[in-house]
Amino acid sequence: MDLNFSEAEIQRYSRNILLKELGGTGQARLKAARVLIIGAGGLGSPVALYLAAAGVGCIGLADGDVVELSNLQRQILHATDKVGQLKVDSAAAALQRLNPLVSFRRHAGRVTAENAASLIAEYDLVCDGTDHFPSRFLIADACAAARRTLVSAAVLRFEGQISTFKPHEGGPCYRCLYPEPPPEGLVPPCSEAGVLGAVTGVMGALQATEAVKELTGIGASLSGYLLVWDALAAEFRKIRLRKDPACPVCG
């Protein structure tokens, strides 16, 4: 682990280094880390911005979509003049302007059963910001198989939820919480039900926070818990999750 920081790094990350829980060692761990963010949208935008600002050394961005005007209400990585551009290109350019000391890798395309294992194996930790149930289950299963920590969040309307899944360390996996995807049409997508943009911002910021904690080994992990936020009621609930001994993935 490289504890030699340039003067620019010391100035840029000084507020991190001043935290006794983090310090220079924690900052060095962030610098050495490789994080894959799947989905450069409402959740992926704040995750990527805060992880880049924190000094995570290498950030991978996986998304196959282009920027649309309807995205801009919540997907704060992108600007009006980027409509029609690939999200990974728009995101990488914005993040490079924020922190040129970080390396950004663009993976333009969907994460599929054919590429998930090889892609995830290149990174230390995965943040899932997708809103497509088959993709979420595919990513979770691939992370479990690759023994990679997954920080997963989801939002709809005025509500959000987040958890960290580390079945390789004895915690429950995603399928311990949700054994199978819901029947098609049961849970409407944001394009039908709507979502308050700021809710994705809060949940994405929580994802980034949990990712930093996992990478640096500080604080209490969300593994084994589901944190649920009702924005209209201004209420958080922390629900205990238990490992399913019959789980086909980690049981």
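Let's start in a loop: Arg147 sits between H7 and S5. Those labels come from DSSP runs, where a helix (H or I) has at least four residues, a strand (E) has at least two, and both are numbered from the N terminus. Residues are numbered from 1 along each chain as its sequence is written, side-chain values use heavy atoms, with hydrogens and water left out. This is a predicted model, where local features need pLDDT of at least 70 and side-chain atom pairs count only at pLDDT 80 or more, while totals for chains, interfaces and linings use all residues.

Arg147 has a positive phi of about 60°, although it is not a glycine. Is Arg147 buried or exposed? With a relative accessibility of 54%, it counts as exposed; the cut-offs are under 20% relative accessible area for buried, over 50% for exposed, and partly exposed in between, using a 1.4 Å probe and protein chains only. Arg157, in the loop between S5 and strand S6 (159-165), also isn't a glycine and has a positive phi of about 55°. Its relative accessibility is 44%, so Arg157 counts as partly exposed.

Now for the sheet. Eight strands make up an open sheet with mixed pairing, and the order is S3-S2-S1-S4-S5-S6-S7-S8. Two strands count as paired if DSSP finds at least two bridges between them. Strand S3 (103-108) and strand S8 (235-240) are the edges, each pairing on one side only. On average, neighbouring strands are turned by 15° against each other, direction ignored. For angles like this, axes are lines fitted to C-alpha atoms (for helices, over the stretch in contact), and angles run from 0 to 180 degrees between N-to-C directions. If you follow a strand with your eye, remember a general rule: in a regular strand the side chains alternate between the two faces of the sheet.

Strand S7 (residues 225-230) runs antiparallel to S8, and six bridges join the two. They form a hairpin with four residues between them, and Ala234 in the turn has a positive phi of about 55°. Across the pair, Tyr225 stands opposite Arg240, and Asp230 stands opposite Glu235. Tyr225 is partly exposed, with a relative accessible area of 26%. Which residues does Tyr225 touch, not counting those up to four places away in sequence? They are Ile162, Ser163, Lys238, Ile239, Arg240 and Leu241, where contact means heavy atoms within 4.5 Å.

Helices lie across the strands. Helix H5 (residues 87-98) lies across strand S2 (58-63) and S3, running at about 170° to S3. Helix H7 (residues 133-146) lies across strand S1 (34-38), strand S4 (125-128) and strand S5 (149-156), at about 165° to S5.

What about helix H10 (residues 197-216)? At 1.5 Å a residue, its 20 residues should span 28 Å, and its end C-alpha atoms are 29 Å apart, which agrees; the expected span is 1.5 Å times one less than the number of residues. H10 is largely enclosed by the rest of the structure, because 14 of its 20 residues are buried. Just after H10, Gly217 takes a positive phi of about 75°.

Next, look inside. The largest nonpolar core has 40 residues, and Val35, Ile37, Leu51, Val56, Ile59, Leu61 and Cys127 have the most contacts inside it. A nonpolar core here is a set of buried Ala, Val, Leu, Ile, Met, Phe, Trp, Tyr and Cys residues joined through side-chain atoms within 4.5 Å. H10 gives the largest share of this core, six residues. A second, separate core of 21 residues includes Ile120, Tyr123, Ala140 and Leu241.

Cys143 is buried, with a relative accessible area of 1%. For Cys250, the nearest cysteine sulfur belongs to Cys176, 3.4 Å away, and Cys250 is in no disulfide. Cys250 is buried too, at a relative accessible area of 15%.

Methods:
A disulfide is a pair of cysteine sulfur atoms within 2.5 Å.
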